[in-house]
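Student: I am new to this structure. Please take one part of it and walk me through that part closely.

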Amino acid sequence: MYKGSARAYTNIALIKYWGKKNEELILPMNNSLSLTLDAFYTETSVCFDPEQKEDRFFLDGQLQDSKATKKISHFLDLVRQLADKNWQATVESRNFVPTAAGLASSASGLAALAAASNEALTLGLDEQGLSRLARRGSGSACRSIFPGFVEWEQGSDDETSFAKQIPSANWEQDLAMLFVLINDQQKDVSSRDGMRRTVATSSFYPGWLESVPEDLAQAKIAIAAQNFTRLGEVTEANGLKMHATTLAATPPFTYWSPDSLVAMNLVRQLRKEGLECYFTMDAGPNVKVLCQKKDEAALKAAFSQHFAPERLILAHAGFGTQVL
Ligand code: DP6
């Protein structure tokens, strides 16, 4: 038996990854920048067994169907290739996220599986190698290997596309992120399908790509200068731009729901009233609000007037992927 276990935390992009230049290798069209958070994580153990006939995947104790298992098997094939072994495996994954949050994260899941596999088969990958491997499972997972602020450099091939931590003198410890979990009836468009459709059909996509390098530069300047206003403004603007691309896709789509707009408007109103905060959204209706730790209680209190308490979760800067 060859077994390994790891825990990985989710990350939220402040400068978004949106679009691939290589689907097979998961090479992104642009660099992205994220903050790793402490509130949601995945623990995964993987056990390779030379006697086993096929891969099995348990999520939160439930044996998964062939579709979910196929995605995991595809990733394990890469691991098997690296180890030069054809052993099948049992993967047991547990998501530590509030139930019904719609936050089951592929980033923490695949980062944890990459680190657990590294352990199980003693692949000897360093953090850069782990980031490259996690990337092949889900692009955003390559950032969850590291704590704090993280940049994923797009690179030009499998070797050169990986994430690394951005020096920040621990400034992220002064920040907080409020997750506003939005009830939504819409049918999901996965981030994978959404970005594919956008790259292929959205007339706004070239504008997005053109603008990312400047946004990224601004974000890095803001982090170096510990300038919250600057980081918040570019985070909000970049997220809005990413979401704008979906409206010009064929067929068009949006991840926003009515309550997402309520949350966004509340952020703008709070800012007017002097509480500095900025929102961002990913491939779903939830809104994430960046603030300074000193304001987190006031922010949560203001949101409590519009959203039920169980829909509000405060997160802080989290840890890199850990072997258990
Ligand atoms: C909107 O990493 O989930 O959250 O690489 O296809 O697995 P795949 O996509 P994924 O996309 C994340 C998109 C995003 C922005 C971000 O996290 O940068």
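**A close look at one residue and the ligand**

Tutor: Start with Gln52, which counts as buried because its relative accessibility is 19%, and the cut-off for buried is under 20%. Keep in mind that this is a predicted model. Gln52 sits in a loop. That loop runs between strand E4 (32–49) and strand E5 (56–59). Now look at the side chain of Gln52. One of its polar atoms lies 2.9 Å from the backbone oxygen of Glu54. The side chain also reaches the backbone oxygen of Ala89, at 3.1 Å. Leave aside residues up to four places away in sequence, and Gln52 touches Gln88, Ala89 and Thr90.

Next, turn to the ligand.

Ser138 places a polar side-chain atom 2.6 Å from a ligand oxygen. Gly139 uses its backbone instead: an N or O atom there lies 2.7 Å from an oxygen of the ligand. In the side chain of Ser191, an N or O atom is 2.8 Å from a ligand oxygen. Taken alone, the ligand exposes 460 Å², and the protein buries 93% of that.

Notes:
Residues numbered from 1 in each chain as written. Predicted model: local features only at pLDDT ≥ 70, side-chain atom pairs only at ≥ 80, totals over all residues. Heavy atoms only, no water. Polar contact = N/O pair within 3.5 Å; in protein donor to acceptor, adjacent residues only side chain to side chain. Areas by Shrake-Rupley, 256 points an atom, 1.4 Å probe, with all protein chains shown as cover. Helix = DSSP H or I, 4+ residues; strand = E, 2+ residues; numbered from the N terminus. Buried < 20%, exposed > 50% of the residue type's maximum accessible area, 1.4 Å probe, protein only. Contact = heavy atoms within 4.5 Å.
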